Amino acid sequence: MAEELNLRSQNILEAIVEDYIASAEPVGSRAISRRHALDLSPATVRNVMSDLEEMGYICSPHTSAGRVPTSQGFHYYIDSLLEVRDLSEKEKTRLTNSYQFQGMRLEDVMREVGRVLSGISSYTGLVMAPKFSSTVFRQVEFVRLSKGRLLVIFVSETGLVQNKVIETENDWTQQELEQVTNYLNHTLPGLTIQQIRTQLAEELQQEQDHYDQLRKQALQLSKEALKDEIEDSVYVSGTSKMLEQPEFSSPGQMKKIFQTLESKQQLVELLDQSQAAEGVQIFIGSQSQHNSIEGCSLISSPFSGKKGAVGTLGVIGPVRMDYSQVIPIVDFTAQLVSRILDREAE
């Protein structure tokens with residue numbers, strides 16, 4: 001796409017995008033001539049703006065003489081014009097000090113990350129905890145709730161705790177459950193949940209006569225406990241920040257964005273796309289597969305520990321987002337959380 005625009009057109013598109021990010025108002029030719037050292041007359045700027053509009057990079061939102069960038073224009077700006085700076089050591093220290101992780105469970109760490117991302121960016125922070133199937137097993141505990149109903153508590157190497165209630169045909173005593181727990185915690189640590197599922201399936205296909213009664217019970221109970229995927233945990237912070245953006249001031253726009261932020265499945269699908277890639281990813285709503293975030297952009301990055309658990313964090317806000325500020329914040333925070341996962345796994 002870069003070859004479609006000459007240097008003059010690039011400079012004017014960059015000026016329009018940056019002025020629109022700063023003001024949320026349509027940008028006119030006179031404002032560009034006045035604010036930017038382009039050494040071009042308003043008439044020349046108008047002619048270039050007409051060309052940019054014809055190519056689909058900018059548009060007129062109403063009868064105003066000003067123009068605003070389209071999604072195509074934002075894509076071009078992000079891909080070809082945006083200069084993302086590195087955070088200074090002072091900024092990194094300030095950002096690190098903003099997070100208070102001491103003594104927190106991993107779930108609380110995820111919430112804290114979302115809260116700080118929202119506060120620093122002034123947009124909405126999103127964090128998706130590592131997927132249960134990719135986490136490395138540390139220990140499990142079974143608690144008898146009633147006849148045929150058990151509470152299963154999984155703990156990963158990174159300290160992530162997942163709970164679920166299962167129903168079994170066997171009426172287990174707590175003593176029997178403790179025996180099964182001890183057996184599993186001795187034989188399964190170091191494997192991912194998916195590896196454990198595969199191992200259980202293979203062992204259960206073998207001749208059960210080879211196993212003593214305890215092992216039979218442990219294998220069967222483990223299979224029941226792991227047969228269903230635990231829901232992904234998504235933490236959303238600063239939803240009200242969206243209300244402060246002029247793009248979402250109408251009741252219809254507010255309703256749409258709130259429905260999106262409350263829909264866990266839609267958020268999981270978005271964050272999953274980021275998790276499959278490396279580094280910072282940028283999704284612009286109207287040109288993504290998710291119409292639900294039309295008018296918004298998501299800047300996200302996966303984080304992971306040496307043990308392999310992968311999660312995603314990011315910031316969602318209007319397409320008119322300050323990308324040069326948010327991208328390095330998201331990138332550094334992902335690195336910071338990755339270090340925390342490694343520390344918890346030691």
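1. Helices H1 and H3. Helix H1 (residues 7-23) and helix H3 (residues 42-54) pack at an angle of about 85°, their axes lying 10 Å apart. They are therefore roughly perpendicular to each other; that label covers angles of 65 to 115 degrees, while those under 35 count as roughly parallel, those over 145 as roughly antiparallel and the rest as oblique. On the H1 side the contact is made by Arg8, Ser9, Ile12, Leu13 and Ile16, and on the H3 side by Thr44, Val45, Val48, Met49 and Leu52. Contact means heavy atoms within 4.5 Å. Axes are lines fitted to C-alpha atoms, for helices over the stretch in contact, with angles from 0 to 180 degrees between N-to-C directions. Helices (H or I, at least four residues) and strands (E, at least two) are DSSP runs, numbered from the N terminus.

2. What you are looking at. This is a predicted model, in which local features need pLDDT of at least 70 and side-chain atom pairs count only at pLDDT 80 or more, whereas totals for chains, interfaces and linings use all residues. Residues are numbered from 1 along each chain as its sequence is written, and side-chain values use heavy atoms, with hydrogens and water left out.

3. The three-stranded sheet. Three strands form an open antiparallel sheet in the order E4-E5-E6. Its edge strands, each pairing on one side only, are E4 (137-146) and E6 (161-167). The twist from one strand to the next averages 20°. Two strands pair if DSSP finds at least two bridges between them; E4 and strand E5 (residues 149-156) have eight, and they run antiparallel. If you want a landmark, Glu141 stands opposite Ile153 in E5. Helix H7 (residues 174-187) packs on this sheet, touching E4 and E5, and its direction makes about 170° with that of E4.

4. The five-stranded sheet. Another open sheet has five strands in the order E7-E3-E10-E9-E8, again with antiparallel pairing. Strands E7 (234-237) and E8 (281-284) are at the edges, each pairing on one side only. Nine bridges join E9 to strand E10 (residues 310-318), and these two run antiparallel. Phe303 stands opposite Gly311 in E10. Helix H6 lies across E3, E7, E9 and E10, at about 155° to E3. Helix H11 (residues 264-275) also packs on the sheet, touching E3, E7, E8, E9 and E10, with its direction at about 60° to that of E9.

5. Ser297, worth a click. Ser297 lies in strand E9 (residues 296-304). At 0% relative accessibility, Ser297 counts as buried: the cut-off is under 20% relative accessible area, with exposed over 50% and partly exposed in between (1.4 Å probe, protein chains only). The side chains of Ser297 and Tyr323 are joined by a polar contact of 2.8 Å. Such a contact is a pair of N or O atoms within 3.5 Å; within protein, one must be able to donate a hydrogen and the other to accept it, and residues adjacent in sequence count only if both atoms are side-chain atoms. Beyond four places in sequence, the residues in contact with Ser297 include Phe283, Val315, Pro318 and Met321.

6. Two backbone points to check. Ala24 has a positive phi of about 65° although it is not a glycine, and it is found in the loop between H1 and helix H2 (29-35). Ser122, also not a glycine, has a positive phi near 70°. Ser122 sits in the loop between helix H6 (106-121) and strand E3 (124-128), and is partly exposed at a relative accessible area of 34%.
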